[in-house]
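This briefing covers selected local features of the structure shown here, grouped by topic.

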Amino acid sequence: MQGFLLGLAGGFSCLVYCLPSLFPLLLGESPTIRQTARILLCFLSGRLLAYTIIASVAFAVGWLLPGSPNSHLLAGLLYTGFALLLFIYGLQPAKHACPQHQVTKCQHHAILARLPQLLPFTAGFVGGFNLCPPLILLFGESAAAPSIFHSLTLSFTFLLGTAIYFFPLLSTGLIKHTPALQTIGKLTAMLVAVYYAYTGTLLIIGGIQL
Amino acid sequence: MITQICPNNKPQTYAPMHKLQALCYSLPMFLITALLLLHNFPPAPTAQAALVITYIFANTLFFLMLSTGKTHRYRSLFFVIASACFVFSFITNLIEVRGSMELTAANMIDGDAPLCPLVIPMLIIPAAFTKTIIFPGSMFADFAGIAEMIVLWLGITIAIGRGWCSWVCFFGGMDEGFSKLCKKARLTIAAKWTYLPHAVLLTIVLFSALTLSPTYCMWLCPFKAVTEFPEVNSAASVLQAIIFVTLFIALVIVLPIMTGRRTQCGLFCPFASFQAFTNKFNIFTVAIDINRCVECNHCIKTCPTFSLSGESIKTGQPLLSCTKCGKCIDACPKQAISYHIKGTVFKVGSHAPRLLFLYPAYICGAVIGGGGIIDTLSKLFSLLLTGRLFY
């Protein structure tokens, strides 16, 4: 219950932290509500995996807390890798551009073809390392939890609490996804990638934040 | 089909007016600009001379706009000069008041930064959710206070929609000026990039909500290079300065010269994207008579803000991003494009919609741009007569 309440209390700021990486993906694809739900589920799964890893390590060794040099380096590497993926995604033509060309191209680049499916999970996973204030509290609680089970339960319930704020995003599935919106989504993904690349590089070299 | 013939036998959409008729139609402009520009008559003779020259200059251009039937030529002249004068006036003001173009941390704490309209899209979400204005300015300052600028922007937007960007914006004249140096376009821009302003807008809104800071001003605004910029005292601020200068050179100087278009306004400015949506509810628009149009695409190549496409011409409307600058109207060889008031019968070459649009658009432009011209001229006169730039 503690994790859930913590998630509820800080969920809005989690949403604000996650939107720059999530929203371009929702625009860049042309999802129905069902596909939007799948993207959100992938995104939240990515976050759950990140929380699970960090909470486990935090509980086990007690040093990988947000703010430590190790987490800065890890976050920096993740941000930079994610920026690269996001940038490549932005460069890819939207599906509407030329379906035949897209299919042919995708057959030659299997990873690129699967990028739209991989990215929501990756975005969630990387977003899990965002140093937002409620997450810092959660890590503190996880490190001090009496057992690994408690620590993981805290992470899971925290995610559930924050997930409530993501439900309204399902409504983006109702938007009529015109080619223009898809192009805007892809271009936004490229601009967001620049931010993540910059932040990632700074975290790697000096632990400074934008 | 009626074709208007101008004195040099070149067909044009709006017939030149008789001088007396143009003078009569210009009278409201003479009176309103007199009321708005001259009401605060300055004591210094140099400022008085500057004011009178600006008044005559602005109204002469308006008169010529009516008497020749050409909109873009005279609007553009005023717009470019006003923009150049704004930069001069702004920089000299900063140097006079602060001693530098740098915006220090102390200035920010004091709320000493004048609000620029480009920030408005970034303010909305944080203001709605956190009840906080994320800008280091004062709400009711003497010069460009937040409330004052928002009210001005709102009023002008209701009146002319995205016409703001070609008639009022004190930055737009810069890339328009440089685009005039292009005799032949050496670079074409793919249609995909015309969506970039929307992507920039979305990105800065998301990041402004995330960081609770005006992201565009801090990292992306090319005009920081010629206005005020954060104090350069750290690695991050050096990077910021490099970004500002690079974007200014690329988007305001090089690309306009290479493409002949307003690339900052058409390909990057997030405010332009935001402002485009105001065209949805603004009554003034530019319309295309598809029966006259021969699809020569001359207007598409001419439009400075990439607001015309083959598809949009078929619908008889420019894209939402149209700034109503009048360039396509003046350029169309078949006189198929005209100003229009939504909900009325469209008639190419009808003077009424044009006049009704020109009055509010030019009044706003003349009063806002005129302030910069007056200040610049009076400072230059002061420099010439006394050897000092400031009073």
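Gln264(B) is buried, at a relative accessible area of 1% (buried means under 20% relative accessible area, exposed over 50% and partly exposed in between, with a 1.4 Å probe and protein chains only). Gln264(B) belongs to helix α12 of chain B, residues 263-267 (helices are DSSP runs of H or I with at least four residues, strands are runs of E with at least two, and both are numbered from the N terminus). Apart from neighbours within four places in sequence, Gln264(B) is in contact with Asp175(B), Tyr216(B), Pro222(B), Phe223(B), Leu251(B), Val252(B) and Cys269(B), where contact means heavy atoms within 4.5 Å.

This is a predicted model, in which local features need pLDDT of at least 70 and side-chain atom pairs count only at pLDDT 80 or more, while totals for chains, interfaces and linings use all residues. Residues are numbered from 1 along each chain as its sequence is written, chains are lettered from A and ligands numbered from 1 in the order in which they are written, and side-chain values use heavy atoms, with hydrogens and water left out.

**Helix packing around α2 of chain B**

- Two packed helices are described by the angle between their axes and the distance between the axes. Axes are lines fitted to C-alpha atoms, for helices over the stretch in contact, and angles run from 0 to 180 degrees between N-to-C directions.
- Helix α1(B), residues 19-38, and α2(B) cross at roughly 150 degrees, and their axes come within 9 Å. The two helices are therefore roughly antiparallel to each other (angles under 35 degrees count as roughly parallel, over 145 as roughly antiparallel, 65 to 115 as roughly perpendicular and the rest as oblique).
- The crossing of α1(B) and α2(B) is right-handed (a crossing is left-handed if the near helix is turned anticlockwise from the far one by less than a right angle, and right-handed if clockwise).
- On the α1(B) side, the residues of this contact include Leu23(B), Met29(B), Phe30(B) and Leu37(B), and on the α2(B) side they include Leu51(B), Tyr55(B), Phe62(B) and Phe63(B).
- The contact of α1(B) with α2(B) comprises 14 nonpolar, four polar and one charged residues (Ala, Val, Leu, Ile, Met, Phe, Trp, Tyr, Cys and Pro count as nonpolar, Asp, Glu, Lys and Arg as charged, and the others, Gly among them, as polar).
- Helix α3(B), residues 72-97, packs on α2(B) at an angle of about 160 degrees, with the axes 9 Å apart. That makes α2(B) roughly antiparallel to α3(B).
- The crossing of α2(B) and α3(B) is left-handed. Phe57(B), Ala58(B), Leu61(B), Leu64(B), Met65(B) and Thr68(B) of α2(B) make the contact with Tyr74(B), Arg75(B), Leu77(B), Phe78(B) and Ile81(B) of α3(B).
- By class, this contact of α2(B) with α3(B) has nine nonpolar, one polar and one charged residues.
- Helix α2(B), residues 45-68, also packs with α17(B), residues 351-386, at about 150 degrees and with the axes 7 Å apart. This crossing is right-handed, and the contact residues of α2(B) and α17(B) divide into 21 nonpolar, five polar and one charged.

**Strand β5 of chain B**

- Five of the five residues of β5(B), residues 284-288, are buried.
- Phe284(B), Val286(B) and Ile288(B) lie on one side of the strand and Thr285(B) and Ala287(B) on the other, and both faces are covered.
- β5(B) runs antiparallel to β6(B), residues 337-341, and five bridges join them (two strands pair if DSSP finds at least two bridges between them). Thr285(B) has His340(B) as its bridge partner in β6(B).

**Loop residues of chain B**

- Glu295(B), in the loop between β5 and α14 (298-302), has a positive phi near 55 degrees and is not a glycine. Glu295(B) is exposed, with a relative accessible area of 52%.
- Lys324(B), in the loop between α15 (310-315) and α16 (327-331), also has a positive phi, of about 60 degrees, without being a glycine. Lys324(B) is buried at 2% relative accessibility.
- Gly99(B) sits in the loop between α3 and β3 (102-103) and counts as exposed at 54% relative accessibility. Its C-alpha atom is separated by 18 Å from that of Gly137(B), 38 residues apart along the chain.

**Chain A**

- Chain A has eight helices and zero strands, and 50% of its 210 residues count as buried.
- Among chain A contacts between residues at least 6 apart in sequence, 86% join residues at least 24 apart.
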